Amino acid sequence: MNADKISQGIEALKTALPASAWTQDPDLIDPHLREWRDKYFGKTPLLLTPRTTEEVAAAVKICATHKIPLMPQGGNTGLVGGNTPQGEVLISLKKMTAIREINPTANAMTVEAGATLQSVLDAADGADRKFPLTLSSQGSCTIGGVLSTNAGGNHVLKYGTTKELVFGVEAVLADGSIFNGLTSLRKDNTGYDLNRLFLGAEGTLGIITAATLKLFPKPKYVQRALIGLESAAAAVALLEPFRAGGRLAMFEVMPAIGYRAVVDNFENIRDPFDNAHTWYLLCDWEVESETEGLAIAEVTIGAALETGEIKDALIAMNETQAAELLSIREHMSAGQKFLGGSIKHDITVPIDKIPDFFALADPAMEDIVAGCRPVGFGHFGDGNIHYNIAQPESANREAFLENWDILSQRVFDIVESLGGSISAEHGIGIMKRDDLAQRASPVKLKLLRAVKTALDPDGIMNPRVMI
Ligand SMILES: Cc1cc2nc3c(=O)[nH]c(=O)nc-3n(C[C@H](O)[C@H](O)[C@H](O)COP(=O)(O)OP(=O)(O)OC[C@H]3O[C@@H](n4cnc5c(N)ncnc54)[C@H](O)[C@@H]3O)c2cc1C
């Protein structure tokens, strides 16, 4: 990179954009340089906070002219380092928060990229619709971020990942031109699906500035239950009977170690069970009425209690109880901070292989670091396990974290042997860039690079991320 050309470009950006749309104040920039787990720390010569798509386009055009690398940022909740700049100009979309349109007839909603997921959920709810994406980070993460990472969350087994929830996007391309794919058309067979290129692209192909999202009828009632189990295999065995009838909308599993880290440490969360269990399953059925919800829960859970597949169960009887049960799952990531250093994986395997995964991975981890504590939790209904390894109780945190690569490579080998994926829902970012390069097929890598080069020939869009 030519330093003179970059400083000229920075000055050009400062001149072209309103004073309110950029800053070099370290105090204002600092929160954008740290991510949620304190794993990555960054630096940037300039933070841009545009308010309109045209301002984003003007900024990217200047970056293109001066070949200045840039990084888009939403809520900064990403977990693979793709949101932490290392010298790129940082473009935060957080001021672009408008809900542009809600069209209940088309079941569509057009929102700007910086709108938080929570604000979108609330707006859909206000229009008597459901936008079926929920993550523990929904208060902070943005629509631009969830589309760019193709986020998963708790409702994938019924509604699919974010890719399935989008009609089209508006995006600023690497040359500063604006692609307008906003539409609520359910049928449009006019060439390649260009909108999809930007979903899961992690900001490497363009900056999403707005999107038209799919809305769904709001379920009349959600029946929630928390279940105590003996094993991960017992949870997987329940998937089939629980999803009969097509009402199952959430199927989240937690091991005792992660569950206890939450209920024993957060003041407002209590263990609703009298007895301890080895594994816990939290599930939702979306139904027509409270009566139907209770009937489904009682019949399915009752049958499994009789056969001994379930050790204990709590059926939520009102919204407060339902919220309390969900809160345990929502604090699973934060709760693991109480276990010390943690080496994290976001992997997926075919659902029927989940028990095999634990049977192979747990002893493999123990072989490498004696006394380490696997905490494998998450979206088992999608085969998605957040397979975190907590440090041995008495270990030194930093010394344990030095094992990150060796433990991860072993986990990834096992995942691949079972036909799984090394990234289920968090993406590649910086963290898994080398793993993708080493483990993807040559043909896949060739196609990924061809798409990147076609859309971003000078490599200015998030150049250190993914490929
Ligand atoms: C407590 C917690 C729980 C989580 N749970 C889940 C979960 O259940 N499922 C899940 O999938 N993820 C989860 N995540 C990860 C994270 O919330 C998601 O990846 C989310 O989609 C990131 O959104 P963001 O707005 O914070 O994006 P950022 O972190 O700001 O950015 C993420 C990536 O997207 C790019 N990007 C951001 N905005 C744009 C844009 N407008 N245009 C182009 N590129 C852009 C960035 O450059 C970066 O590469 C969780 C995170 C936390 C902290």
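This is a predicted model: local features need pLDDT of at least 70, side-chain atom pairs count only at pLDDT 80 or more; totals for chains, interfaces and linings use all residues.

Visitor: Why is Glu286 called buried?

Guide: Its relative accessibility is 4%. Buried means under 20% relative accessible area, so Glu286 counts as buried.

Visitor: What makes the pairing of Glu286 with Lys130 a polar contact?

Guide: The side chains of Glu286 and Lys130 approach to 2.9 Å. The cut-off for such a pair of N or O atoms is within 3.5 Å, so the pair qualifies as a polar contact. Glu286 also makes a side-chain polar contact of 3.0 Å with Lys158.

Visitor: Which residues does Glu286 touch, apart from those up to four places away in sequence?

Guide: Glu286 touches Lys130, Lys158, Tyr159, Pro219, Tyr221, Val222, Arg247 and Ala249. The criterion is heavy atoms within 4.5 Å.

Visitor: Why is Lys95 called partly exposed?

Guide: Lys95 has a relative accessible area of 30%. Lys95 is found in the loop between strand S4 (89–92) and strand S5 (99–103).

Visitor: How do you know that the side chain of Lys95 has polar partners?

Guide: A polar atom of the Lys95 side chain lies 2.7 Å from the backbone oxygen of Ser20, and a polar contact of 2.9 Å links the side chains of Lys95 and Thr49. Beyond its neighbours within four places in sequence, Lys95 is in contact with Ser20, Thr49, Pro50 and Arg51.

Visitor: Turning to the whole chain, what makes it as compact as a globular protein of its length?

Guide: The protein chain comprises 17 helices and 19 strands. Its radius of gyration is 23 Å, close to the 23 Å that the globule rule gives for 467 residues, so the chain is as compact as a globular protein of that length. The C-alpha trace spans about 70 × 55 × 45 Å along its principal axes.

Visitor: What percentage of the residues in the chain count as buried?

Guide: Of the 467 residues, 53% count as buried. The chain exposes about 19900 Å², of which carbon and sulfur atoms supply 52%.

Conventions: Residues are numbered from 1 along each chain as its sequence is written. Side-chain values use heavy atoms; hydrogens and water are left out. Helices (H or I, at least four residues) and strands (E, at least two) are DSSP runs, numbered from the N terminus. The radius of gyration is taken over C-alpha atoms; the globule rule is 2.2 Å times the number of residues to the power 0.38. Buried means under 20% relative accessible area, exposed over 50%, partly exposed in between (1.4 Å probe, protein chains only). Accessible areas come from the Shrake-Rupley method with a 1.4 Å probe; for residues, only the protein chains shown count as cover. A polar contact is a pair of N or O atoms within 3.5 Å; within protein, one must be able to donate a hydrogen and the other to accept it, and residues adjacent in sequence count only if both atoms are side-chain atoms.
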